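Please open the structure in your viewer and keep the selection panel at hand.

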Amino acid sequence: MISAKGQPSATARTIVEFCRFAREKGLSASVHETLGALDAATVLGLGNWDDLKFGLRSVLCSSKEDWDLFEHCFEAFWRGAAPLSDHKERQPEERSSRGGRNTTSLMSTGLGDEVSSEHDGGQAVTGASIRERLTKVDFSNLPQSDMVILEQISLRLFKQMSRRLARRRRSGSSRGQVDLRKTIRRNISRGGEPMNLRYRERKPRPHRLVTLLDISGSMSSYSLFLVKFLFALQQHFRHVDTFLFSTALVDITSQFRGRRLQDALLVLSQLPAGWSSGTKIGGSLREFNQLHRRKLRSSDTLFVVLSDGWDTGDPGVLAAELGAVKRCVRKVIWLNPLLGLKDYQPITSGMSAALPYIDVFAPAHNLESLLALEMHL
Amino acid sequence: MSPGVVEATNMGILQILPSGARQGVDAIISGFERLGYVTDRSLATAIYLVAKLRKPILVEGHAGLGKTEVAKVLASFLGTRLIRLQCYDGLDVSSAVYEWNYQKQLLAIKIEEGSDRTVEEKERHIFSRDFLLERPLLQSIQVEDTSPVLLIDEIDRADEAFEAFLLELLSDYQITIPEMGTIRAKHVPYVVLTSNRSRELGDALKRRCLYQWIDYPSLEKEMRIVRTRLPSMEEKLARQVVGYVQAVRRLSLSKPPGVAETLDCAEALVALGKPQLDEEAIEQTLGCISKSVEDGAKIRNAGVGRILIQSTEGFG
């Protein structure tokens with residue numbers, strides 16, 4: 001029998017070796033899991049191959065991705081069917097085939113992030129200097145080699161930011177309903193007469209957020225990051241509506257909601273949303289006003305447009321429609337990646353038509369500028 | 001948990017499961033099937049490990065594939081109680097673990113007003129077990145005779161704070177109530193967690209659990225499920241329904257139909273008295289298969305006839 005304690009038997013050693021092998025292949029088989037695997041092998045015995053495999057799988061896996069990976073590991077280790085490198089080569093193919101033939105650049109980078117963060121685990125420690133440099137670099141000038149690191153940093157920082165946002169609201173909220181439990185506790189010495197009332201703070205009620213992201217050709221080097229930014233943002237608003245636009249408006253709220261980032265990106269890449277086409281901001285806003293205006297509430301809605309303002313439509317339409325939106329929301333925020341350029345002036349006809357209706361006009365060309373938005377939210 | 005606790009609770013399962021691992025897994029498969037749940041060896045092995053290693057199991061998979069059912073069937077298989085906690089956004093400790101019965105406490109304070117008990121005695125009285133409202137998690141460690149099955153359904157819907165709390169419970173199987181002290185599990189429950197993967201769960205929680213992914217069933221398995229659940233249904237019709245649903249699943253809908261939808265559709269056809277699946281029957285039961293207008297339109301546009309032909313081709 002295999003024993004985790006005392007002298008390890010040959011079988012125990014094999015199990016441990018398999019765990020190490022699985023770890024190299026990207027499963028999270030740490031000491032804890034290895035001990036679990038030994039326990040499972042002890043209980044199941046080595047008599048039945050399938051049972052052992054299923055047992056080890058349930059111990060060593062903790063997600064669908066692990067689940068798929070395990071199959072290869074097990075085969076490769078015990079049946080010697082596939083050499084180590086074979087699987088690594090196969091992996092990108094499999095992933096892209098899930099996304100179908102027409103995977104856009106958004107997809108490939110999006111999944112690259114997933115692979116690296118899951119498989120490198122804790123090893124991906126980024127130096128402070130790199131981080132410093134990368135938070136300031138313009139997305140469009142980013143070398144491909146830095147992409148993965150920047151994505152890791154940004155995901156972490158976005159998460160931190162949204163957590164801070166959530167906390168800030170909590171401390172600022174007003175008196176809510178009476179907290180009976182604490183009230184009783186406080187008033188036992190007064191014979192239970194509730195003289196000294198304790199309140200339960202009202203659950204923070206964040207703003208509603210409506211965002212429109214420009215995915216036309218001129219924005220293509222920024223769109224990917226901005227999509228991720230929006231995804232991170234939506235976690236901490238009670239109600240979020242997200243739209244993409246280029247020449248037409250696409251509602252991606254439901255694609256975003258209740259999914260993990262990778263899954264959401266996969267779905268988005270398959271939408272016929274007109275990635276990298278022309279821009280009709282005014283027309284898209286009109287469509288928004290016609291179909292979705294009831295989603296705006298002047299008391300608590302933030303309306304965010306992420307666009308460079310290059311509009312091929314009529315600037316008069318843009319002004320009129322944005323004005324209509326402005327009347328129904330608390331704040332209009334326009335994020336323009338071009339604002340990061342030193343000598344940029346918002347003088348394109350579209351942008352200058354929109355300016356009078358904008359409360360916050362801010363850059364969105366690098367990580368630093370996105371994080372700076374926190375104070376406007 | 002102390003070793004004594006484990007031994008005591010393992011007694012129950014030993015009576016049900018035969019000694020060898022292989023026989024044990026076989027017993028689970030046949031036992032589950034008797035209860036109307038068709039399972040495969042992978043899940044049965046994991047359940048066997050749950051029973052033997054006393055670890056929680058995390059079951060993930062798409063909606064409608066019987067994740068919740070695993071816990072229900074496990075409970076009836078073991079002949080023990082099922083305690084269910086449905087998670088939702090904003091679930092907090094007072095609705096998951098315990099709450100004091102405030103109204104009753106207020107009344108008790110009033111009644112005690114004239115008595116000559118000291119304040120400490122009064123306090124002990126109103127914070128005694130009589131005034132405690134036990135919620136599912138507390139119930140699950142309070143069961144007197146055997147280990148219950150604790151189902152924590154859709155854990156991905158609860159927030160991270162709750163997940164962290166759960167972690168504590170699942171490692172020590174004890175709950176601390178400030179006014180009363182620590183309550184330890186009399187019998188460690190069998191814990192089944194389910195998730196729809198709407199968000200990534202914390203690593204710590206995942207590491208503590210065995211894992212099981214439930215995928216859409218193969219044609220043969222789904223046939224067996226339909227035949228087991230609806231034994232009175234004609235085999236030909238059952239085959240048509242299963243083939244049709246399997247074809248619909250390939251359409252990349254926003255919500256592909258699960259096994260639950262297959263069974264709904266099959267039952268609907270029986271209720272409508274349809275001898276076989278035709279265009280009219282598909283139209284009438286579309287609501288069982290697709291739960292949104294867009295998906296419904298997709299199924300229609302894909303050509304019901306074509307799907308039908310595809311589904312019958314599979315059987316030669």
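Helices (H or I, at least four residues) and strands (E, at least two) are DSSP runs, numbered from the N terminus. The model is predicted: local features need pLDDT of at least 70, side-chain atom pairs count only at pLDDT 80 or more, and totals for chains, interfaces and linings use all residues. Residues are numbered from 1 along each chain as its sequence is written, while chains are lettered from A and ligands numbered from 1 in the order in which they are written.

**First selection: strand 5 of chain B**

Select residues 149-153 of chain B, which form strand 5. A residue is termed buried if 20 or more other C-beta atoms lie within 10 Å of its own, exposed if 12 or fewer, and partly exposed in between, with C-beta atoms placed from the backbone. Five of the five residues of this strand are buried, so strand 5 of chain B is largely enclosed by the rest of the structure. In a regular strand, side chains alternate between the two faces of the sheet. Here both faces are covered, with Val149(B), Leu151(B) and Asp153(B) on one side and Leu150(B) and Ile152(B) on the other.

Strand 2 (residues 82-86) of chain B runs parallel to strand 5 of chain B and is joined to it by five bridges. Leu82(B) has Val149(B) as its bridge partner. Strand 8 (residues 190-195) of chain B also pairs with strand 5 of chain B in the parallel sense, over four bridges, and there Leu193(B) stands opposite Ile152(B).

Move to Glu154(B), in the loop between strand 5 and helix 9 (160-172) of chain B. Most residues other than glycine have a negative phi. Glu154(B), not a glycine, has a positive phi of about 55°. Glu154(B) counts as partly exposed because it has 19 C-beta neighbours inside 10 Å.

Next select Tyr173(B), in the loop between helix 9 and strand 6 (174-177) of chain B. Its phi is also positive, at about 50°. Tyr173(B) has 20 C-beta neighbours inside 10 Å and therefore counts as buried.

**Third selection: the nonpolar core**

A nonpolar core is a set of buried Ala, Val, Leu, Ile, Met, Phe, Trp, Tyr and Cys residues joined through C-beta atoms within 7 Å. The largest has 78 residues, and those with the most contacts inside it include Ala37(A), Val149(B) and Leu210(B). Helix 3 (residues 41-53) of chain B gives the most to this core, with eight residues.

Technical notes:
Two strands pair if DSSP finds at least two bridges between them.
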